[in-house]
Amino acid sequence: MDRAIVPVGCYDSELRLFESQYNVPNGVSYNSYVILDDKTAVLDTVDPRKTEEWLANIEKALGGRTPDYLVIHHMESDHSGSITALAQKYPTMTLVGNAKTFPMAAAFTGQDFSGRTLVVKEGDTLELGSHTLTFVMAPMVHWPEVMVSYESASKTLFSADGFGRFGDDDPSTPWVDEARRYYTNIVGKYGIQVQALLGKAKGLDIQTICPLHGPVLTGEALGLALEKYDLWSRYAPEEAGVLVAYASIHGHTAQAAQALAKILADDGVTVTLIDLAREDQAEAVAQAFRLSGMVLAASSYDAGVFPPMAQFLARLKSKGLKERTVGFMENGSWGPTALRTMLAEVETWKDCSLVEPKITIRSTATEETMAQMRELAKAMAAAI
C-alpha cells in the first residue's frame with residue numbers, strides 16, 4: 001500500500017486582490033494535502049474558485065480510494081470553501097476539527113454535518129497507520145478556531161496560515177519579501193499568539209512545514225522561516241534603516257521626502273522610499289516591520305492629514321507595530337495640520353521614540369527646511 005503525503009492544492013494565477021484588499025500580482029496558492037496510509041486523510045480544502053480542479057487532484061491522489069477524514073485546520077473561505085463539495089462527493093468521510101470549527105462550518109456552508117464530525121482538542125491524535133497526526137491549538141493565528149497538526153513519522157508540521165506566502169508554491173521563488181508582506185498584513189496583529197505557537201513548536205522535531213499558502217519549507221528555508229517569524233511576531237526590526245513614507249498631493253511633499261531619503265542614503269543609512277498615494281500600502285506596512293525607523297511625511301488636508309497617510313497609520317496601529325524610531329515632516333501652505341494629526345496617532349503606539357526636529361514645510365522646501373532635514377537625518381541615523 002502506498003504511504004505518502006501528497007500535495008493536491010491549486011495555484012490561482014488570476015486572483016489580483018487577496019481578501020479583497022491585498023495586491024497579489026503573482027496570484028496565490030491554495031494548498032491542500034492528502035495522507036495515504038491504512039486510512040486516508042485530506043488536509044484542508046481550497047477556495048471555491050478552484051473547487052473542480054482540486055476535486056480532480058484529490059481523486060487522482062486517492063487512486064480509487066475514499067478519504068476517511070477531512071482535517072479542517074482553518075475555516076477562512078480560501079481554505080474551507082470546498083468543504084461542502086468534498087463532503088457531498090464522499091458521504092462516509094468524517095470531518096475533523098475542534099470545538100470552534102463546526103459552528104463556523106455550519107454558518108459558512110449552511111450544511112448540517114451532525115453525525116459525521118470528530119472534535120479534537122490540544123494533544124489529541126489521529127492514527128492513520130504509519131502516520132499519526134497530533135493536534136495543536138493555535139487560537140488567533142489568526143482566527144479563533146485555528147489549529148495546526150504535527151505528523152510524527154515524517155516530522156511534518158501542517159501550519160495552517162502560518163509560514164504562508166503570496167505567489168506560487170515553487171520553492172525556488174524567493175520567499176522572504178512576499179512572506180513578510182503576507183505575515184505583517186494578515187497575521188501581524190497577533191504577535192503574542194504567534195509567539196505562543198512558536199513556543200509549542202520548539203518541543204517538536206520539525207523537518208518540514210506544509211503551509212496553506214506558498215511552498216513547502218525544508219532545510220535552510222525552514223530555518224529562515226522560523227527566524228523571520230520570531231522577529232516579526234516580536235515586532236523586532238530585521239534591519240537598521242529608515243522607511244520614508246510620504247503622502248503628497250501636488251508633488252512638493254514628495255520632493256522633500258525624496259531629498260530626505262537622499263540625505264539619509266548619502267550618510268550610509270539603509271532607506272526605503274514609498275509613495276503612499278500610489279504604491280502598495282501592504283508593502284509599506286511590511287517595510288515598517290522590516291526597518292527600525294521611519295519618517296512620516298505628509299501634506300495637510302481638511303484640517304487633518306492627507307488620507308493616504310491616515311490610512312497607513314491606521315493600518316500600522318491595527319497591526320500593533322511598536323518600538324520604532326519615528327521622525328515627522330509636514331507640509332501646509334497656510335494652516336499646517338498634518339503633524340499634529342500624525343503625532344496624535346503615533347503617540348498611541350507602544351514604546352516608540354520620536355525624533356527631533358519635527359519639520360514643517362510651507363508649500364516648498366527652503367534652505368532652512370533643507371538644513372532641518374539634514375539635522376533630522378543625523379538624528380535618525382544616531383537613533384536607529
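Aromatic pairs in a predicted model

Modeller: In this predicted model, ring pairs join Phe163, Trp175, Tyr183, Tyr229 and Trp232 into a cluster. The structure holds twelve aromatic pairs.

Colleague: Why is the pair of tyrosine 183 and tyrosine 229 called edge-to-face?

Modeller: The planes of tyrosine 183 and tyrosine 229 are 70° apart, and an angle over 60 degrees counts as edge-to-face. The centres lie 4.9 Å apart, and the cut-off for a pair is within 6.5 Å, so the two rings qualify as a pair.

Colleague: What makes this pair a tie between parts apart in sequence?

Modeller: Tyrosine 183 sits in helix α5 (residues 176–187) and tyrosine 229 in helix α7 (residues 219–233), so the pair ties together parts that are 46 residues apart in sequence.

Colleague: How do you know whether tyrosine 183 is buried or exposed?

Modeller: Its relative accessible area is 0%, and buried means under 20%, so tyrosine 183 is buried. Tyrosine 229, at 3% relative accessibility, counts as buried too.

Colleague: Now to another pair. Why is the pair of tyrosine 235 and phenylalanine 289 called tilted?

Modeller: The angle between their planes is 45°. Stacked needs under 30 degrees and edge-to-face over 60, so the pair is tilted. The centres are 5.8 Å apart.

Colleague: Which parts of the chain does that pair link?

Modeller: Tyrosine 235 is in the loop between α7 and β17 (239–247), and phenylalanine 289 is in helix α9 (residues 281–290), 54 residues apart.

Colleague: What makes phenylalanine 289 count as buried?

Modeller: Phenylalanine 289 has 1% relative accessibility, and the limit is under 20%, so the residue counts as buried. Tyrosine 235, at 6%, counts as buried as well.

Terms used: Residues are numbered from 1 along each chain as its sequence is written. This is a predicted model: local features need pLDDT of at least 70, side-chain atom pairs count only at pLDDT 80 or more; totals for chains, interfaces and linings use all residues. Side-chain values use heavy atoms; hydrogens and water are left out. Rings of Phe, Tyr and Trp (its six-membered ring) pair if their centres lie within 6.5 Å; planes under 30 degrees apart count as stacked, over 60 as edge-to-face and the rest as tilted. Helices (H or I, at least four residues) and strands (E, at least two) are DSSP runs, numbered from the N terminus. Buried means under 20% relative accessible area, exposed over 50%, partly exposed in between (1.4 Å probe, protein chains only).
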